[in-house]
Amino acid sequence: MRSPRPYSPQAGPGAQSLNERRKAATQLDIARAACELFAEHGPDGTTAEDIAHRAGVALRTFYRYFRNKQEAVAPLLAGGGDAWRALLAEEDPGTPLTEALERAVTRSLTGTQALDEGLEVTRGLLRAATTDEALRAVWYRVNQESEERLVPVVARLAGPDAEPLAVRLLAAAATDAIRIALELWSTTDTPPTGPGSPAELAIRCLRDLTGAMPLMR
């Protein structure tokens with residue numbers, strides 16, 4: 001039986017309930033513990049029991065939310081996508097899509113959350129994923145789900161006359177631009193800001209991938 005996907009945002013309007021916020025906080029605590037242990041010992045040297053102990057929860061609580069140890073990192077990996085979609089959603093309809101996308105990408109990859117925790121954690125996880133197929137699968141699934149959630153955000157900005165295919169392609173390209181930038185950056189020791197940073201690489205990828213798209217003209 002599949003466990004719930006803890007990194008999936010709650011559907012529907014309104015704020016999360018207190019119980020939902022507590023669950024999300026527990027999941028994030030487990031995710032941080034998993035990331036710390038993966039950094040210290042690698043996925044092969046870390047067990048679900050180790051993660052539960054580091055997070056201060058029972059092993060049954062761990063398995064209530066996650067199917068395996070690799071799955072436990074998903075909330076942190078998904079957090080970056082959630083943040084950048086939220087920033088893009090702040091843009092007003094009618095704003096040129098090139099401008100809106102580049103601004104949201106830059107803000108999300110240079111903001112406090114990204115610089116304080118997200119980018120270095122992601123770099124470590126992506127390095128570990130090169131030799132861990134299950135961890136790599138979590139990364140790709142997080143990106144696929146982020147892309148799917150990006151479609152309505154792009155559609156709103158593009159306007160009611162935008163062709164669904166064009167919207168779908170742009171959402172895919174924007175998601176891949178960030179994914180590729182992070183994967184390339186993770187193979188280096190480049191700082192998270194400045195030349196060669198995720199933000200700079202993502203903008204380059206975005207421009208190359210979307211330059212010929214009608215919605216970006």
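Buried here means under 20% relative accessible area, exposed over 50%, and partly exposed in between, computed with a 1.4 Å probe on protein chains only.

You are looking at a predicted model, in which local features need pLDDT of at least 70 and side-chain atom pairs count only at pLDDT 80 or more, while totals for chains, interfaces and linings use all residues. Residues are numbered from 1 along each chain as its sequence is written, and side-chain values use heavy atoms, with hydrogens and water left out.

**Stop 1: the aromatic rings**

The structure holds three aromatic pairs (rings of Phe, Tyr and the six-membered ring of Trp, with centres within 6.5 Å; planes under 30 degrees apart are stacked, over 60 edge-to-face, the rest tilted). Phe-62 is buried, with a relative accessible area of 0%. Now show Tyr-65 and Phe-66, another edge-to-face pair, at 6.4 Å centre to centre and 65° between the planes. Both Tyr-65 and Phe-66 are buried. Keep the four residues on screen, as Phe-62, Tyr-63, Tyr-65 and Phe-66 form one aromatic cluster.

**Stop 2: Lys-69**

Next, select Lys-69, in the loop between helix H3 (59–65) and helix H4 (74–89). Helices are DSSP runs of H or I with at least four residues, strands are runs of E with at least two, and both are numbered from the N terminus. Lys-69 is buried yet has no salt bridge (a side-chain nitrogen of Lys or Arg within 4 Å of a carboxyl oxygen of Asp or Glu). Its nearest side chain of opposite charge, Asp-44, is 5.0 Å away; Lys and Arg count as positive, Asp and Glu as negative, and His and the chain ends are not counted. What does the side chain of Lys-69 reach? Look for the backbone oxygen of Pro-43, at 2.6 Å. Phe-62 from the first stop returns here, being among the residues that Lys-69 touches (contact means heavy atoms within 4.5 Å).

**Stop 3: salt bridges**

The whole structure has 14 salt bridges. Pick Glu-71 and Arg-141, whose side chains meet in one of them (2.7 Å, N to O). Glu-71 lies in the loop between H3 and H4 and Arg-141 in helix H7 (residues 133–158), so this pair ties together parts that are 70 residues apart in sequence. Glu-71 is buried at 2% relative accessible area, and Arg-141 also counts as buried, at 18%.

Then go to Asp-189 and Arg-127, a salt bridge with its closest N and O atoms 2.9 Å apart. Asp-189 sits in the loop between H8 and H9 and Arg-127 in helix H6, so the bridge joins parts 62 residues apart in sequence. Is Asp-189 buried or exposed? Asp-189 is exposed, with a relative accessible area of 67%, whereas Arg-127 is partly exposed at 38%.

For a network of salt bridges, show Glu-36, Glu-40 and Arg-54 together.

**Stop 4: helix H9**

Finish with residues 198–210, the 13 residues of helix H9. Colour its buried residues, including Leu-201, Ile-203, Cys-205 and Leu-206. Which helices do the buried residues of H9 pack against? Bring up H5 (97–110), H6 (112–129) and H8 (164–186) to see these partners.

Conventions: The expected span of a helix is 1.5 Å times one less than its number of residues. A polar contact is a pair of N or O atoms within 3.5 Å; within protein, one must be able to donate a hydrogen and the other to accept it, and residues adjacent in sequence count only if both atoms are side-chain atoms. Lists of a residue's contacts leave out its neighbours within four places in sequence.
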